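Subject: Structure handover

Hello,

Here is the structure I promised to pass on. Please open it alongside this note, and my findings follow below.

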Amino acid sequence: MTSRRLILTRGAALVGTASSSLLLSGIARAQPAKVRVGFMLPYTGTYAQLGVAIENGFRMAIDEQGGKLGGREIEYFKVDDESEPSKAIENANKLVQRDKVDVLVGTVHSGVQMGIQKVARESGVLSLIPNAGVLAATRSLCAPNVFRTSFTNSQPTLALGQPMVARGHKKAVWITWKYAAGDDAFEGFKESYTKAGGTIIKELGLPFPQVEFQALLTEIAALKPDAVACFFAGGGAAKFIRDYAAAGLKGKIPLYGSGFLTEGVLQAAGPAAEGIITTLHYSDSLNTPRNHTFRLDYAKTFRSQPDVYAVQGYDTGLLLAQGANAVKGDLNNKAVLYKALEGAVIDSPRGKWTMSKAHNPVQDIYLRQVQNGENKVIGIAAKALADSGAGCKMA
Ligand code: PHB
C-alpha cells in the first residue's frame with residue numbers, strides 16, 4: 001500500500017468514527033507557516049539604543065497590520081551584532097542558515113552591513129537595511145533582494161555644506177569616527193561644502209567606537225576654523241557634544257553635523273547640545289498629522305520618545321507589509337514581491353518617500369537646530385534627494 005493510500009484509509013477510518021469532527025476542525029484550522037523575520041541589530045555597545053529603536057518601530061508597524069504579514073503570523077529571531085564587523089558574516093548566517101529566516105532586517109553599522117550584504121547576495125534572502133548607510137550596498141554591490149529604508153551616509157551631508165557657507169562659515173574642520181560611515185559622510189560633506197565655496201582646512205578622525213576626544217578638541221581650538229562639521233552617532237555622539245562644550249568650544253566655534261549627531265541623545269547631552277545645526281531626513285518637530293500620530297503612538301507603546309532610528313524601523317515594517325500584501329503572504333513569489341517593494345510609496349512620519357532604482361530612499365533632507373532640547377525644523381536643505389546609485393547593476 002502506498003503511503004498516500006494509507007493516509008486516505010486512515011482518514012476514512014477516522015471519518016467513520018466519533019473523531020470525524022476533530023479531523024475536520026483540524027483541517028479548517030490548518031495555517032500557512034509563519035513568516036520568519038530575523039533582526040540582526042546592535043543590542044550592546046555604543047549603538048545599542050539605535051537597535052532597540054529600530055526593532056520597536058518595526059514591531060509597531062506590524063502591530064498596526066494586525067500583527068501579520070500578508071495574512072500570515074510572524075515568528076521573530078534575534079541576533080546581537082555588537083556593531084562588530086569581524087563577526088558579521090557568522091551572525092548573518094545564524095539567521096539565514098540556522099534559523100532559515102524569510103527576511104533579514106539589519107543593521108546599523110556600515111562595516112557589519114558589508115558582511116550582511118555578502119550573505120544576502122550569496123543566499124538571495126530578502127534583506128532590508130533599516131539604518132546602515134554604506135554607499136556600496138546601493139551602489140556597486142546593489143542587489144535585487146536588498147532594499148534600504150534609511151539613507152546613504154552621504155545623503156545628509158550632501159545637504160550640509162550650503163547652509164554652513166550661507167551662515168558665513170567658509171573654513172571648516174571635519175571630524176569623525178574613521179570607518180565606512182564617517183568616510184561616506186565626508187564624501188557628501190566635501191562635495192557640498194567645496195561646491196558652495198567653503199574650504200576644509202583639516203580632516204580629523206579616531207577609530208570607532210573610541211570616545212577619547214580631548215586631544216582632537218585641543219587641535220580644533222588651535223586651528224580656529226569658522227565651524228566644525230562631523231559624523232558621530234549613538235552614545236559616542238552624546239559624549240562628543242558634552243566634551244565639545246566642556247573644552248570651551250561651544251559658543252566660539254559653531255558645531256554642525258550629519259543629523260545623527262543629535263538623534264536619541266538630546267537628554268544625555270543636555271544643554272551642551274543647544275544650538276547645534278544638522279541635516280537629516282527626519283525631525284522630531286515635523287509638524288504633520290502623520291508625525292504627530294506616530295510620535296503619540298510610539299510614546300504610549302514604548303514609554304520613550306521616538307527618533308530617526310524608530311522611524312526607519314517603522315518604515316521597514318511598512319515596506320515589508322506592502323510587499324507581503326502584494327504577494328498575499330507568499331514571499332517566494334520574488335518577481336512580484338520585488339516589483340512591489342520597488343514601486344512602494346512609504347507614507348512615513350518623515351514625509352512620503354519612494355525607492356530609487358538602486359533601492360535607496362528618495363527623500364527630503366531637513367535643516368534642524370536643537371532648541372529647548374528638541375530638533376526643530378528650520379528649513380528644507382534638499383528636496384527629494386536621491387543617492388547617485390553609481391555603479392549599481394541589478395543582476
Ligand atoms: C553607519 O554605520 O552606517 C551608521 C551608524 C549610525 C548612524 C548612521 C550611520 O547613526
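To start at the ligand: how far does a polar side-chain atom of Tyr179 lie from an oxygen atom of the ligand? The separation is 2.5 Å. Keep in mind that this is a predicted model.

**Ligand site**

The ligand is surrounded by 15 residues. Val108, Ser110, Gly133, Tyr179 and Tyr309 are the closest. Besides Tyr179, two of these have a distance worth noting. Tyr309 places a side-chain N or O atom 2.7 Å from a ligand oxygen. Val108 uses its backbone: a polar atom there is 3.4 Å from an oxygen of the ligand.

**Two domains**

Contact between them involves 16 residues of domain 1 and 18 residues of domain 2. About 1,300 Å² is buried between the two domains. Carbon and sulfur atoms give 60% of that area. On the domain 1 side, Thr46, Tyr47 and Phe151 lose the most area to domain 2. Together they account for 38% of what that side buries.

What polar links run between the domains? There are six residue pairs in polar contact, counting pairs with both residues at pLDDT 80 or more. The salt bridge count between domain 1 and domain 2 is one. Arg139 and Glu187 meet through their side chains in a salt bridge, at 3.3 Å from N to O.

**Salt bridges**

The structure holds 17 salt bridges. Side chains of opposite charge can pair when their charged atoms come close. One to look at is Arg59 with Glu55, where the closest N and O atoms are 2.7 Å apart.

**Backbone points to check**

Most peptide bonds are trans, and most residues other than glycine have a negative phi.

- Gly106 and Thr107 are joined by a cis peptide bond, with omega about 5 degrees. Thr107 sits in the loop between β3 (103-105) and α5.
- Phe208 and Pro209 are also joined by a cis peptide bond, with omega about 0 degrees. Pro209 is in the loop between β7 (199-206) and α9 (214-223).
- Lys224 is not a glycine, yet its phi is positive, near 50 degrees. Lys224 belongs to the loop between α9 and β8 (227-231).

Best wishes

Methods. Residues numbered from 1 in each chain as written. Predicted model: local features only at pLDDT ≥ 70, side-chain atom pairs only at ≥ 80, totals over all residues. Heavy atoms only, no water. Contact = heavy atoms within 4.5 Å. Buried area = accessible area lost by both parts, 1.4 Å probe. Salt bridge = Lys/Arg side-chain N within 4 Å of Asp/Glu carboxyl O. Polar contact = N/O pair within 3.5 Å; in protein donor to acceptor, adjacent residues only side chain to side chain. Near = heavy atom within 4 Å. Helix = DSSP H or I, 4+ residues; strand = E, 2+ residues; numbered from the N terminus.
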